[in-house]
Amino acid sequence: MEYLFFSLWFTLAHVLSYMIAGMLALRISKDIYEGKSRLMDYHRDMSNHGESKHVHRWFIPGQILRGLLLSIILYPIIGPLGELAFAMRYAFFAGLIFVYTHLACAAPCPDNIEGFVYMKKRYITKSSFLKFQFEMVIYSLLFGFLVSYFLF
């Protein structure tokens, strides 16, 4: 039961944090995701009704699956995590999410290590780098707080 509770709250914290960070970031990142000249031309065009409809349909189920998978891998260390002080738990979860799901992620993006190594120069701009960092920092900090405060 402890594992189920952990996964449910972990997933809820992930979905909420990811949605809030994404909504805030989209306000400054429309040039990345929308229009024919968007930077991320290999992503679905959010200004295209059909393509954005697909994203809207699969966003929540996809994030629930991601949150569940991220939570399951932490089962062996739930006990030790509960013994940490709030500040240490917060640093752990915020850092874990930022590093594992973003900065050191194996999928190349314009703002991570793999992107720097493998992506064409046109995708790696100072503007896109900062916009993506904004989203991921917000997500990581909010997620770290929600999990650390409400889950333990």
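A search of the whole structure finds 20 aromatic pairs, a pair being two rings of Phe, Tyr or Trp (its six-membered ring) with centres within 6.5 Å. The structure is a predicted model, in which local features need pLDDT of at least 70 and side-chain atom pairs count only at pLDDT 80 or more, while totals for chains, interfaces and linings use all residues. Residues are numbered from 1 along each chain as its sequence is written, and side-chain values use heavy atoms, with hydrogens and water left out. The search also finds 4 salt bridges, and a nonpolar patch lies on the surface.

**Aromatic pairs**

- Phenylalanine 86 and tyrosine 90 are stacked, because their ring centres are 6.0 Å apart and their planes stand at 20 degrees; planes under 30 degrees apart count as stacked, over 60 as edge-to-face and the rest as tilted.
- These two residues are 4 residues apart in helix α4 (residues 86–103), about one helical turn; helices are DSSP runs (H or I, at least four residues) numbered from the N terminus.
- Phenylalanine 86 is partly exposed at 34% relative accessibility, and tyrosine 90 is partly exposed at 24%; buried means under 20% relative accessible area, exposed over 50%, and partly exposed in between (1.4 Å probe, protein chains only).
- Phenylalanine 93 and phenylalanine 143 make an edge-to-face pair, 6.4 Å centre to centre with 80 degrees between the planes.
- That pair links distant parts of the chain, with phenylalanine 93 in helix α4 and phenylalanine 143 in helix α6, 50 residues apart.
- Phenylalanine 93 is buried at 0% relative accessibility, and phenylalanine 143 is buried at 0% as well.
- Ring pairs join a cluster whose members include Tyr3, Phe59, Phe93, Phe143 and Phe152.

**Salt bridges**

- Aspartate 31 and lysine 131 form a salt bridge with the closest N and O atoms 2.7 Å apart; the criterion is a side-chain nitrogen of Lys or Arg within 4 Å of a carboxyl oxygen of Asp or Glu.
- The partners sit in distant parts of the chain, aspartate 31 in helix α1 and lysine 131 in helix α6, 100 residues apart.
- Aspartate 31 is partly exposed at 42% relative accessible area, whereas lysine 131 is buried at 15%.
- Aspartate 45 and arginine 38 meet in a salt bridge at 3.7 Å, N to O; aspartate 45 is buried at 9% relative accessibility, and arginine 38 is buried at 11%.
- Aspartate 41 forms a salt bridge with arginine 122, the closest N and O atoms being 3.3 Å apart.
- This pair also links distant parts of the chain: aspartate 41 is in the loop between α1 and α2 (49–72), and arginine 122 is in the loop between α5 (113–118) and α6, 81 residues apart.
- Aspartate 41 is partly exposed at 33%, while arginine 122 is exposed at 51%.

**Surroundings of lysine 131**

- Lysine 131 lies in helix α6 (residues 126–150).
- Its side chain reaches the backbone oxygen of isoleucine 28 at 3.1 Å.
- Leaving out residues up to four places away in sequence, lysine 131 touches Ile28, Ser29, Asp31 and Ile32, where contact means heavy atoms within 4.5 Å.

**Nonpolar surface patch**

- The patch has about 1,200 Å² of accessible area together, and its residues include Met1, Trp9, Ile28 and Phe134; areas come from the Shrake-Rupley method with a 1.4 Å probe, and for residues only the protein chains shown count as cover.
- Patches are made of residues with over 30% relative accessible area and no salt bridge, like charges being joined within 9 Å and nonpolar side chains (Val, Leu, Ile, Met, Phe, Trp, Tyr) within 5 Å.
- Helix α1 (residues 2–33) supplies the largest share of the patch, 10 residues.
- Methionine 1 is in the segment before α1 and is exposed at 80% relative accessible area.

Technical notes: A polar contact is a pair of N or O atoms within 3.5 Å; within protein, one must be able to donate a hydrogen and the other to accept it, and residues adjacent in sequence count only if both atoms are side-chain atoms.
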